[in-house]
Amino acid sequence: MSQDFSSTAFVLVHGAWHGASTYERVIPLLAAKGYLAVARDLPAHGLNARFPASYGRRPLDAAAFAREPSPVAHVTLDDYAGSVIATIDQVRAAGCDKVVLVAHSMGGVVATAVAERVPEKLSKLVYLTAFMPGSGVPGISYIQAPENEGELVGPQLLADPAVVGALRMDHRSSSATYRANGKQAFYADVSSEDYEAMLHQLTPDVPVAPFATPITTTRERWGSLPRHYIRCLEDRALKPALQQRFIDEADGFAPENCTVVHELVSSHSPFLSQPVGLAELLAAIAAS
């Protein structure tokens, strides 16, 4: 490891439908502040994605798209967690003995599982407008919680997860209404040009199994790590009220180690809409 880097490093976990490119604008900003930062595609995402055949046929056969089994339905939470732990081990082997694990959106489920398994390998946990499920509660059960009323992700789903084994979207849709709703759900404060570019980075299927798997957490392991939550106040995918519920439940579970809360006036995707502000906040968390 170059001596120009701090001994503290970031491992960055992306959310559903996204990949490591989520953090393309944030990583060099963290490097400029002296922090090594690494993002990898989770299994079934980015370069590891596999696509339903119907997704590639245009015009889209909506009926076929709604029933074709997902080629990534077999991917599990263990697969996700194992991938992140391997990345943490690589970063530590490079000489960074303090690892800050940052997770966006669905990635919070993965970070929770990782933190419970290997808390000794982490120095801090950061949830970026992310799922932070309670012990024994699957992340997917929060989507329709009262605190998330009015979220805009549900209308984007085009198949029954129980049928296809995935949460499925059509990022290539020709429907102006569908695309406009997707922008409002995830990227309301992002330019139209960046939104169109991001659509080409997204994958249609997110395996439902990791999201539906409950994680048993303990105060001694997950609950002992310094925990930060970045609330995004204009998020219409994971509403601010639900973000606050995650914080309240975590603090009730581990009251001796309460969540440190930060706020950004942003949509669900500050890594794209305000990468400079996000990088500054992450650096401040690492230094705290």
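How many of the residues of strand E7 (residues 227–232) are buried? In this predicted model, 6 of the 6 residues of E7 are buried, and the strand is accordingly described as mostly covered. The side chains of E7 are divided between two directions, with Arg 227, Tyr 229 and Arg 231 pointing one way and His 228, Ile 230 and Cys 232 pointing the other way, and all of these residues are buried.

Strand E7 belongs to an open sheet of 6 strands, arranged in the order E2-E1-E3-E4-E7-E8 with parallel pairing. The edges of the sheet are formed by strand E2 (36–39) and by E8, each of which pairs on one side only. Averaged over the sheet, neighbouring strands are turned by 20° against each other when direction is ignored.

On one side, E7 runs parallel to strand E4 (residues 124–128), to which it is joined by 4 bridges. Within this pairing, Leu 125 lies opposite Arg 227 in E7, and Leu 128 lies opposite Ile 230. The pairing of E7 with strand E8 (residues 260–264) is also parallel and comprises 5 bridges; here Ile 230 stands opposite His 262 in E8.

E3 is paired in the parallel sense with E1 over 6 bridges, and in the parallel sense with E4 over 5 bridges. Val 102 of E3 takes part in both pairings, being the bridge partner of Leu 12 and standing opposite Val 126 in E4. Helix H4 (residues 107–117) packs on the sheet, where it touches strand E1 (8–13), strand E3 (98–104) and E4, and the direction of H4 makes about 145° with that of E3.

The largest nonpolar core contains 89 residues, of which Phe 10, Leu 101 and Val 114 touch the most other members. When residues up to four places away in sequence are not counted, the contacts of Leu 101 include Val 11, Val 13, Val 84 and Ile 88, together with Ala 111, Val 114 and Leu 122. Leu 101 also touches Lys 124, Leu 125 and Val 126. In soluble globular proteins, nonpolar side chains tend to be buried together.

Thr 129 is located in the loop between E4 and helix H5 (161–164). Because its relative accessibility is 0%, Thr 129 counts as buried. With its neighbours within four places in sequence left aside, Thr 129 is in contact with His 104 and Ser 105, with Tyr 229, Ile 230 and Cys 232, and with Asp 235, Leu 238, Gln 243 and His 268.

A further contact is found between two helices. The axes of helix H6 (residues 176–186) and helix H7 (residues 192–199) come within 11 Å and cross at roughly 100°, so that H6 is roughly perpendicular to H7. Arg 179, Gly 182 and Lys 183 of H6 contribute to the contact, as do Ser 192, Tyr 195, Glu 196 and Leu 199 of H7. Classified by residue type, the contact of H6 with H7 has 2 nonpolar, 2 polar and 3 charged residues.

Terms used:
Residues are numbered from 1 along each chain as its sequence is written. This is a predicted model: local features need pLDDT of at least 70, side-chain atom pairs count only at pLDDT 80 or more; totals for chains, interfaces and linings use all residues. Side-chain values use heavy atoms; hydrogens and water are left out. Axes are lines fitted to C-alpha atoms, for helices over the stretch in contact, and angles run from 0 to 180 degrees between N-to-C directions. Angles under 35 degrees count as roughly parallel, over 145 as roughly antiparallel, 65 to 115 as roughly perpendicular and the rest as oblique. Contact means heavy atoms within 4.5 Å. Ala, Val, Leu, Ile, Met, Phe, Trp, Tyr, Cys and Pro count as nonpolar, Asp, Glu, Lys and Arg as charged, and the others, Gly among them, as polar. A nonpolar core is a set of buried Ala, Val, Leu, Ile, Met, Phe, Trp, Tyr and Cys residues joined through side-chain atoms within 4.5 Å. Buried means under 20% relative accessible area, exposed over 50%, partly exposed in between (1.4 Å probe, protein chains only). Two strands pair if DSSP finds at least two bridges between them.
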